[in-house]
Amino acid sequence: MDTKKAISAFAALAQETRLDVFKLLVRAGTDGMLSGEIGEKLNVRQNTMSTNLSVLMNAGLIGNQRQGRHVRYFADFEGVRGLLGFLMEDCCGGKPDLCRPLIEDITSVC
């Protein structure tokens with residue numbers, strides 16, 4: 001992941017509703033949730049939810065899949081791994097081999 005994509009991801013998560021949506025979708029795992037379910041669970045109106053989901057998608061943190069008239073959203077675990085890897089790539093005083101086991105553990109979850 002490059003710096004611009006990381007900044008976009010952090011900016012997307014720097015808002016309470018979007019952070020709540022992202023955390024909810026991470027908890028939902030690979031099954032994800034329908035957009036209406038997300039709005040109901042978080043008590044967010046449909047148009048507001050749509051905007052927040054778009055921001056998270058553009059940041060590469062979530063994805064979606066159309067199911068008939070509905071859209072299912074899920075955490076993009078590859079995007080999350082990329083962000084975590086970006087954060088950890090220069091760790092340990094320039095000796096990334098010291099952190100490699102931690103990085104591998106973090107980025108291989110799910």
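Predicted model: local features only at pLDDT ≥ 70, side-chain atom pairs only at ≥ 80, totals over all residues.
1. As for overall extent, the C-alpha atoms of the chain fill a box of roughly 50 × 25 × 20 Å when the box is taken along the principal axes.

2. Two packed helices are described by the angle between their axes and the distance between the axes. Helix H1 (residues 3-13) packs with helix H5 (residues 77-88) at an angle of about 115 degrees, and their axes lie 10 Å apart. Because angles of 65 to 115 degrees count as roughly perpendicular, H1 and H5 are therefore roughly perpendicular to each other, and their crossing is left-handed.

3. On the H1 side, the contact is made by Thr 3, Ala 6, Ala 9 and Phe 10, while H5 contributes Leu 83, Phe 86 and Leu 87. Sorted by class, this contact of H1 with H5 has six nonpolar residues, one polar residue and no charged residues.

4. The largest pocket holds about 200 Å³ of space, and the residues lining that pocket are Ser 35, Gly 36, Gly 39, Glu 40, Val 44, Gln 46, Met 49, Ser 50, Leu 53 and Tyr 73. The elements that give two or more residues to this lining are helix H3 (35-42) and helix H4 (46-58). By class, the lining of the largest pocket has four nonpolar, five polar and one charged residues.

How values were computed
Residues numbered from 1 in each chain as written. Heavy atoms only, no water. 1 Å grid on protein atoms, 1.4 Å probe; cavity = no way out; pocket = protein on both sides within 12 Å on 5 of 7 lines; lining within 4 Å. Points joined across faces, edges and corners; volume = space filled by probe spheres on them. Helix = DSSP H or I, 4+ residues; strand = E, 2+ residues; numbered from the N terminus. Nonpolar A, V, L, I, M, F, W, Y, C, P; charged D, E, K, R; others polar. Axes fitted to C-alpha atoms, helices over the stretch in contact; angles between N-to-C directions. Parallel < 35°, antiparallel > 145°, perpendicular 65-115°, else oblique. Left-handed = near helix turned anticlockwise from the far one by under 90°. Contact = heavy atoms within 4.5 Å.
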